[in-house]
Amino acid sequence: MGAYRHRQPARHGRGPGDCPAQERQLLKLLAEGLTDEGAARQLGLSQRTVRRMMAGIMERLGARSRFEAGLQAAKRGWL
């Protein structure tokens with residue numbers, strides 16, 4: 001298979017408890033249309049921290065884009 005690994009999406013049916021409250025709040029702010037900068041300001045975090053949080057969320061969800069992460073998060077009840 002080489003050096004690349006295919007991502008497998010996380011299992012469906014997980015509840016909100018699988019996503020920390022701060023990450024759920026970040027997802028909601030981004031879903032409302034805030035930029036990373038705006039969400040960072042609302043949460044009292046740096047833009048870098050917000051970007052790292054989103055990268056972690058996307059990795060856990062097996063999402064290749066933020067849009068896909070939003071869909072997967074909604075399916076899991078995180079939004």
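My entries follow, from overall layout to single pairs.

**Ground rules.** I am working from a predicted model, where local features need pLDDT of at least 70, side-chain atom pairs count only at pLDDT 80 or more, and totals for chains, interfaces and linings use all residues. Residues are numbered from 1 along each chain as its sequence is written, and side-chain values use heavy atoms, with hydrogens and water left out.

**Layout.** I looked up the secondary structure and found four helices and zero strands. Helices here are DSSP runs (H or I, at least four residues), strands likewise (E, at least two), numbered from the N terminus. Along the sequence the pattern reads α-α-α-α.

**Surface.** I noted an accessible surface of about 5,500 Å², with 50% of it belonging to carbon and sulfur atoms. The areas come from the Shrake-Rupley method with a 1.4 Å probe, and for residues only the protein chains shown count as cover. Of the 79 residues, 32% count as buried. Buried means under 20% relative accessible area, exposed over 50%, and partly exposed in between (1.4 Å probe, protein chains only).

**Core.** Which residues have the most contacts inside the largest nonpolar core? I listed L26, L27, M54, I57, L61, A69 and W78, in a core of 18 residues. Helices α1 (21–31), α2 (36–43), α3 (47–61) and α4 (66–75) each supply at least two of its residues. The largest share, six residues, comes from α3. By definition such a core is a set of buried Ala, Val, Leu, Ile, Met, Phe, Trp, Tyr and Cys residues joined through side-chain atoms within 4.5 Å.

I then checked L26. Leaving aside neighbours within four places in sequence, L26 is in contact (heavy atoms within 4.5 Å) with A39, L43, V50, M53, M54 and I57.

**Salt bridges.** I found four, each a side-chain nitrogen of Lys or Arg within 4 Å of a carboxyl oxygen of Asp or Glu.

R60 pairs with E23, the closest N and O atoms being 2.5 Å apart. R60 lies in α3 and E23 in α1, so the pair ties together parts 37 residues apart in sequence. E23 is buried at 12%; R60 is partly exposed at 37%.

D36 meets R66 at 2.8 Å, N to O. D36 lies in α2 and R66 in α4, so this pair ties together parts 30 residues apart in sequence. I also saw D36, R51 and R66 linked in a network of salt bridges.

E37 and R41 form a salt bridge at 3.6 Å. Both lie in α2, four residues apart, about one turn of the helix. R41 is exposed at 60%, while E37 is partly exposed at 44%.
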